[in-house]
Amino acid sequence: MTSMREMHLEDLFKFNSLVFDAQTEVYSLKFFLTHLLKWPELSQIAVAPGPEARPMGYIIGKHFKSKRNEWHGHVCALTVSDAYRRIGVATLLMAHIDRALDAKGALYVDLFLRQSNRAAHALYSSLGYVLRRTVLDYYCYDEPLPENAYEMRKPLARDVLRRSVAVTYKVPQYLSEDDEDDQ
C-alpha cells in the first residue's frame with residue numbers, strides 16, 4: 001500500500017531517480033526549498049511500503065491570490081517513477097492537492113504540461129481538468145526548439161458555477177505580464 005506524507009528537506013536528496021526522468025521538469029534547489037517552506041502541506045511524497053520506503057512520486061503545489069483577487073492553487077510539479085506509473089500514484093497525489101486547496105478555500109487549481117505529454121493530458125482530463133489554452137513556447141529552454149504548453153484548470157468545491165473554467169481560448173497565445181502571478 002502506498003503511503004503519503006509531507007515532503008521533508010532530506011527528501012530532496014533521495015529522489016534523483018525521479019527528477020531525472022525524461023518527462024520531469026528539472027527545478028533548482030531554491031525552487032524546492034521555497035515551496036517546502038511556504039506551502040509544506042502542498043508538498044507531498046508517495047513512498048512504497050517496506051523498510052526502504054522508496055520514493056514513488058511527489059507533488060509540489062502552491063496557494064496564492066491572483067491579480068484578479070482570487071485564491072487558487074497551482075500544481076508546480078508532479079512526478080511518478082516509471083516503476084510506479086499507471087497504478088494510481090499520480091491520482092492519489094492530485095487528490096491530496098484538491099483536498100488541501102479545498103480546505104484553504106481555493107476557487108480552482110491549475111497546471112501547465114507539455115503539449116506532447118499525451119499521458120499527462122489524459123490523466124488530468126480524467127481528473128476533471130479542462131484545457132483552458134495553449135501557451136506558445138512555454139518551455140523556452142528546450143533544444144532545438146521551444147515546446148508549447150497546455151494550461152489546464154479544475155474548479156474546486158467553492159466554484160459551484162464553474163466560472164473558473166467558463167472561458168477557454170481557442171487561439172494559442174504567449175504568456176503575458178498578467179499571467180506571471182499564475183505560474
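**Entry 1: salt bridges.** I counted a salt bridge where a side-chain nitrogen of Lys or Arg lies within 4 Å of a carboxyl oxygen of Asp or Glu. I kept in mind that this is a predicted model, where local features need pLDDT of at least 70 and side-chain atom pairs count only at pLDDT 80 or more, while totals for chains, interfaces and linings use all residues. Residues are numbered from 1 along each chain as its sequence is written, and side-chain values use heavy atoms, with hydrogens and water left out.

My search of the whole structure gave eight salt bridges. I looked at Glu151 and Arg133, whose closest N and O atoms are 2.4 Å apart. This pair links distant parts of the chain, with Glu151 in strand S7 and Arg133 in strand S6, 18 residues apart. (Strands are DSSP runs of E, at least two residues; helices are runs of H or I, at least four; both are numbered from the N terminus.)

Are these two buried or exposed? I call a residue buried under 20% relative accessible area, exposed over 50% and partly exposed in between, using a 1.4 Å probe and protein chains only. Glu151 is buried because its relative accessible area is 2%, and Arg133 is buried at 4%. I also found Arg132, Arg133, Glu151 and Arg153 linked in a network of salt bridges.

**Entry 2: two further pairs.** Asp98 forms a salt bridge with Lys154, at 2.5 Å between the closest N and O atoms. Here helix H3 (residues 89–103) holds Asp98 and strand S7 holds Lys154, 56 residues apart. Asp98 is buried at 13%, and Lys154 is buried at 15%.

Asp82 and Arg85 meet in a salt bridge too (2.5 Å, N to O). Asp82 is exposed at 53%, whereas Arg85 is partly exposed at 31%.

**Entry 3: helix H2.** Which residues of H2 (residues 29–38) are buried? I noted Phe31, Phe32, His35 and Leu36. They lie on the same side of H2 because they cover an arc of only 120° around the axis, taken from the directions from the helix axis to the C-beta atoms. The buried residues pack against strands S2 (43–47), S3 (55–65) and S4 (71–80), with contact meaning heavy atoms within 4.5 Å. On the other side of H2, I found Lys30, Leu37 and Lys38 exposed.

**Entry 4: a loop residue.** Tyr141 sits in the loop between strand S6 (130–139) and strand S7 (147–155). Tyr141 counts as exposed because its relative accessibility is 75%.
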